[in-house]
Amino acid sequence: MGCCVGFSILAGAPRLGLALMWLFTDRLTVAFSSFWFGLVGFLLLPFTTIFYALAYAPVGGVEGIGWAFVLLGLLLDIGTYSGGRRSQESYRTA
């Protein structure tokens with residue numbers, strides 16, 4: 001049940017999910033060597049940052065299917081930005 005709640009938070013509010021991940025786990029500090037990479041990911045590409053942190057393995061980095069998940073996160077970020085733009089344009093024409 002806790003896993004379903006976690007995924008719901010990540011899907012609905014990725015920045016909140018990243019903040020909770022930073023507070024309660026060490027995944028972000030393990031995945032990113034610099035605070036700035038995590039901050040830029042938090043501000044610009046939150047889904048990509050989440051999927052990268054979850055797919056990162058301390059020994060080998062991101063490999064194989066992990067890159068597919070990172071690509072999925074990037075597509076979700078692009079879709080979020082383009083969907084927001086499309087919604088904004090519909091307000092202008094109405």
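Trainee: How many aromatic pairs does the structure hold?

Mentor: Good place to start! This is a predicted model, and the structure holds four aromatic pairs.

Trainee: What makes the pair of Tyr 52 and Tyr 56 tilted?

Mentor: Set the angle against the cut-offs. Planes under 30 degrees apart count as stacked and those over 60 as edge-to-face, with the rest called tilted. The planes of Tyr 52 and Tyr 56 stand at 40 degrees, so the pair is tilted. As for being a pair, ring centres must lie within 6.5 Å, and these centres are 5.9 Å apart.

Trainee: Which label goes to the pair of Tyr 52 and Trp 67?

Mentor: Tilted again: there are 55 degrees between the planes, and the distance is 6.3 Å centre to centre.

Trainee: Why does the pair of Tyr 52 and Trp 67 tie together parts of the chain?

Mentor: Look at where each residue sits. Tyr 52 belongs to helix 5 (residues 46-55) and Trp 67 to helix 6 (residues 65-93), so the pair ties together parts that are 15 residues apart in sequence. Ring pairs also link Phe 32, Tyr 52, Tyr 56 and Trp 67 into a cluster.

Trainee: Why is Gly 17 called buried?

Mentor: The relative accessibility of Gly 17 is 5%, so Gly 17 counts as buried. Gly 17 lies in helix 2. Here is something to look for in the structure: Gly 17 and Ile 50 are 33 residues apart in sequence, yet their C-alpha atoms are 8.1 Å apart in space.

Trainee: Which residues make up the largest nonpolar core?

Mentor: There are ten: Leu 18, Met 21, Leu 28, Ala 31, Phe 32, Ile 50, Ala 53, Tyr 56, Val 62 and Val 70. Helix 2, helix 3 and helix 5 each give two or more residues to this core. In soluble globular proteins, nonpolar side chains tend to be buried together.

Trainee: What does Val 62 touch, leaving aside its neighbours within four places in sequence?

Mentor: Val 62 is in contact with Tyr 52, Ala 55, Tyr 56, Trp 67 and Val 70.

Trainee: How do you know that Thr 49 is buried?

Mentor: Its relative accessible area is 6%, so Thr 49 falls in the buried class. Thr 49 lies in helix 5. Beyond its neighbours within four places in sequence, Thr 49 is in contact with Leu 18, Phe 32, Gly 41 and Phe 42.

Trainee: How much space lies in the largest pocket?

Mentor: About 290 Å³. Among the residues lining this pocket are Leu 18, Phe 32, Phe 42 and Thr 49. Helix 4 gives the largest share of the lining, four residues.

Trainee: How many of the lining residues are nonpolar, polar and charged?

Mentor: The lining of the largest pocket has eight nonpolar residues, four polar ones and no charged ones.

Trainee: And how many helices and strands does the chain have?

Mentor: Six helices and zero strands. Buried residues make up 23% of the 94 residues in the chain.

Technical notes: Residues are numbered from 1 along each chain as its sequence is written. This is a predicted model: local features need pLDDT of at least 70, side-chain atom pairs count only at pLDDT 80 or more; totals for chains, interfaces and linings use all residues. Side-chain values use heavy atoms; hydrogens and water are left out. On a 1 Å grid over the protein atoms alone, a cavity is a set of points where a 1.4 Å probe fits but cannot get out, and a pocket is an open set with protein on both sides within 12 Å along at least five of seven lines; lining residues have an atom within 4 Å of a point. Grid points are joined across faces, edges and corners, and a volume is the space filled by probe spheres set on the points. Ala, Val, Leu, Ile, Met, Phe, Trp, Tyr, Cys and Pro count as nonpolar, Asp, Glu, Lys and Arg as charged, and the others, Gly among them, as polar. Buried means under 20% relative accessible area, exposed over 50%, partly exposed in between (1.4 Å probe, protein chains only). Rings of Phe, Tyr and Trp (its six-membered ring) pair if their centres lie within 6.5 Å; planes under 30 degrees apart count as stacked, over 60 as edge-to-face and the rest as tilted. A nonpolar core is a set of buried Ala, Val, Leu, Ile, Met, Phe, Trp, Tyr and Cys residues joined through side-chain atoms within 4.5 Å. Contact means heavy atoms within 4.5 Å.
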